[in-house]
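Notebook open, structure loaded. I want to go through the fold, then the charged pairs, then the rings.

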Amino acid sequence: MRQRNKNVFMKKMFALAITAVMALAAAHAQKAEVFNEGGIAIHGYDAVAYFIKSQPVKGDSKFAYKWNNATWYFADQQDLDMFKSNPEKYSPQYGGYCAYGVSVNHKASTKPEAWSIVNGKLYLNYNTDVQATWKKDQAKRINDADKIWPAIKDKE
């Protein structure tokens, strides 16, 4: 019985920690529809590379494109051209804000390493721990975030 109580306690503490992290991240959230730092979208990573290289790849400022009030960097001309031809296909969902955060009504920053492609769409998360939580109930989280995003995308 003690072990069960300890497990319940640990799960509650973990949930509390995730909530605290999201609240802290929300405090640093932006009003912009696209997550950016200094005007550079998704930390300067190449959005197309997630799809064609199956990994995060740092972009280069010589392959830059201004879209949706942010500057997007790409690793090479091919990725830049692919993005230009269809930015909605390659840009991350929820403007590159944390998919878990959006599912609980918060805009939070993301880490390039915490990514997933689900049904042909790119999702980013605050970090890999938050991503693991998001993946436990991924379909519901995406459904919730899809409903919430229109109401919060232009808010801080």
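Predicted model: local features only at pLDDT ≥ 70, side-chain atom pairs only at ≥ 80, totals over all residues.

**Entry 1: the fold**

I started at the N terminus and read off the order of elements in the protein chain: α-β-β-α-β-β-α-α-α-β-β-α-α. That comes to seven helices and six strands.

Taking contacts in the protein chain with a separation of 6 or more, 60% are between residues 24 or more positions apart.

**Entry 2: salt bridges**

How many salt bridges does a search of the whole structure find? I got four.

I took Asp76 and Lys53 to begin with. Their side chains meet in a salt bridge, 3.7 Å from N to O. This pair links distant parts of the chain, with Asp76 in the loop between β4 (70-74) and α3 (77-85) and Lys53 in the loop between α2 (47-52) and β3 (60-67), 23 residues apart.

Buried or exposed, I wondered, or in between? Asp76 has a relative accessible area of 25%, so I logged Asp76 as partly exposed. Lys53 sits at 34% relative accessibility, so Lys53 counts as partly exposed too.

Lys53 has another partner on my list: Lys53 forms a salt bridge with Asp79, where the closest N and O atoms are 3.2 Å apart. Lys53 lies in the loop between α2 and β3 while Asp79 is in helix α3, so this pair ties together parts that are 26 residues apart in sequence. I looked up Asp79 separately: its relative accessible area is 0%, so Asp79 goes down as buried.

Then I moved to Asp144 and Lys140, whose side chains meet in a salt bridge at 2.7 Å, N to O. Both residues lie in helix α7 (residues 138-152), four residues apart, which is about one turn of the helix. Lys140 has a relative accessible area of 46%, so I have Lys140 as partly exposed.

Last check here was for shared partners. Salt bridges of that kind join Lys53, Asp76 and Asp79 into one network.

**Entry 3: aromatic rings**

I ran the ring search over the whole structure and it returned 12 aromatic pairs. I wrote up two of them in detail.

Trp67 and Phe83 form an edge-to-face pair, 5.6 Å centre to centre with 85° between the planes. The pair links distant parts of the chain: Trp67 is in strand β3 and Phe83 in helix α3, 16 residues apart. I have both Trp67 and Phe83 down as buried.

Tyr94 and Tyr123 form a tilted pair, 5.8 Å centre to centre with 50° between the planes. Where do these two sit in the chain? I found Tyr94 in the loop between α4 (87-90) and α5 (99-103) and Tyr123 in strand β6 (residues 121-125), 29 residues apart, another link between distant parts of the chain.

On burial, I noted Tyr94 at 5% relative accessibility, so Tyr94 counts as buried. Tyr123 has a relative accessible area of 3%, so Tyr123 is buried as well.

Finally I asked which residues form one aromatic cluster. My list reads Phe35, Tyr94, Tyr97, Tyr123, Trp134 and Trp149.

Methods
Residues numbered from 1 in each chain as written. Heavy atoms only, no water. Buried < 20%, exposed > 50% of the residue type's maximum accessible area, 1.4 Å probe, protein only. Contact = heavy atoms within 4.5 Å. Phe/Tyr/Trp six-rings, centres within 6.5 Å; stacked < 30°, edge-to-face > 60°.
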